[in-house]
Amino acid sequence: MIVARTVARIVDLAHDAVAKGVATEEDIDTAMRLGVNYPLGPFEWSRRLGRSWAYDLLDDLHLRDPSGRYAPSLALYRHAYATEKREGTP
């Protein structure tokens with residue numbers, strides 16, 4: 001569960017950074033692969049694991065521990081919600 005939480009937080013922070021105009025998705029993925037030596041960037045992980053995976057995990061963790069540590073960002077929420085609508089999920 002430690003790795004899943006870590007990946008979910010990285011995906012969340014990456015979405016928040018893009019929403020704030022810090023960098024593009026491509027730039028963040030490249031930086032994480034080349035600079036941190038991760039096998040995939042956070043947006044590639046998000047595509048492979050499912051667009052709402054990180055949001056669902058962080059939201060569940062936040063409900064269990066409402067300290068704010070795992071509260072998903074608004075950018076991740078918007079991303080997960082928009083994806084569900086595109087995929088036809090109610």
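**Definitions and model.** A salt bridge is a side-chain nitrogen of Lys or Arg within 4 Å of a carboxyl oxygen of Asp or Glu. The model shown is predicted: local features need pLDDT of at least 70 and side-chain atom pairs pLDDT 80 or more, while totals for chains, interfaces and linings use all residues. Residues are numbered from 1 along each chain as its sequence is written, and side-chain values use heavy atoms, with hydrogens and water left out.

**View 1. The salt bridge between R9 and D12 in helix α1.** Six salt bridges are present in the structure, and this view shows the one that joins the side chains of D12 and R9, with a distance of 3.0 Å from N to O. Both D12 and R9 belong to helix α1, where three residues, or about one turn of the helix, separate them (helices are DSSP runs of H or I with at least four residues, numbered from the N terminus). D12 counts as buried because its relative accessibility is 2%, whereas R9, at 25%, counts as partly exposed (buried is under 20% relative accessible area, exposed over 50%, partly exposed in between, with a 1.4 Å probe and protein chains only).

**View 2. The packing of helix α1 against helix α3.** Helix α1 spans residues 2-19 and helix α3 spans residues 42-49; their axes lie 9 Å apart and the angle between them is about 115° (axes are lines fitted to C-alpha atoms over the stretch in contact, and angles run from 0 to 180 degrees between N-to-C directions). The crossing of α1 and α3 is left-handed, that is, the near helix is turned anticlockwise from the far one by less than a right angle. From α1, the contact takes in V7, I10, V11, A14, H15 and V18; from α3, it takes in P42, F43, W45, S46 and L49 (contact means heavy atoms within 4.5 Å). Sorted by class, nine of the residues in this contact of α1 with α3 are nonpolar, two are polar and none is charged (Ala, Val, Leu, Ile, Met, Phe, Trp, Tyr, Cys and Pro count as nonpolar, Asp, Glu, Lys and Arg as charged, the others, Gly among them, as polar).

**View 3. The surroundings of S46 and H79.** S46 is placed in helix α3 and counts as buried because its relative accessibility is 4%. Residues up to four places away in sequence aside, S46 touches V11, H15, R51 and H79. H79 is part of helix α5, residues 74-87, and is buried as well, with a relative accessible area of 13%. With neighbours within four places in sequence left aside, the contacts of H79 are H15, S46 and R51.

**View 4. The crossing of helices α2 and α3.** The axis of helix α2 (residues 25-35) comes within 7 Å of the axis of α3, and the two cross at roughly 100°. The two helices are therefore roughly perpendicular, a term for angles of 65 to 115 degrees. E25, I28, D29 and M32 form the α2 side of the contact, and P42, F43, E44 and R47 form the α3 side.

View 5. E44 and R47 form a salt bridge in which the closest N and O atoms are 3.1 Å apart. Helix α3 holds both E44 and R47, three residues apart, which is about one turn of the helix. With relative accessibility of 23%, E44 counts as partly exposed; R47 is also partly exposed, at 42%. A network of salt bridges links D29, E44, R47 and R48.

**View 6. The salt bridge between D60 and R64 in helix α4.** The side chains of R64 and D60 meet at 3.1 Å, N to O, in a salt bridge. Helix α4, residues 53-64, contains both R64 and D60; the two are four residues apart, about one turn of the helix. R64 counts as exposed, with 66% relative accessibility, and D60 as partly exposed, with 30%.

**View 7. Y38 in the loop between helices α2 and α3.** Y38 sits in the loop between α2 and α3 and counts as partly exposed because its relative accessibility is 27%. Neighbours within four places in sequence aside, Y38 is in contact with I10, M32, R33 and W45.

**View 8. V3 and G50.** V3 is a residue of helix α1 and counts as exposed, at 63% relative accessibility. From V3 to G50 the separation is 47 residues in sequence and 16 Å in space, C-alpha to C-alpha.

Note on methods: Parallel < 35°, antiparallel > 145°, perpendicular 65-115°, else oblique.
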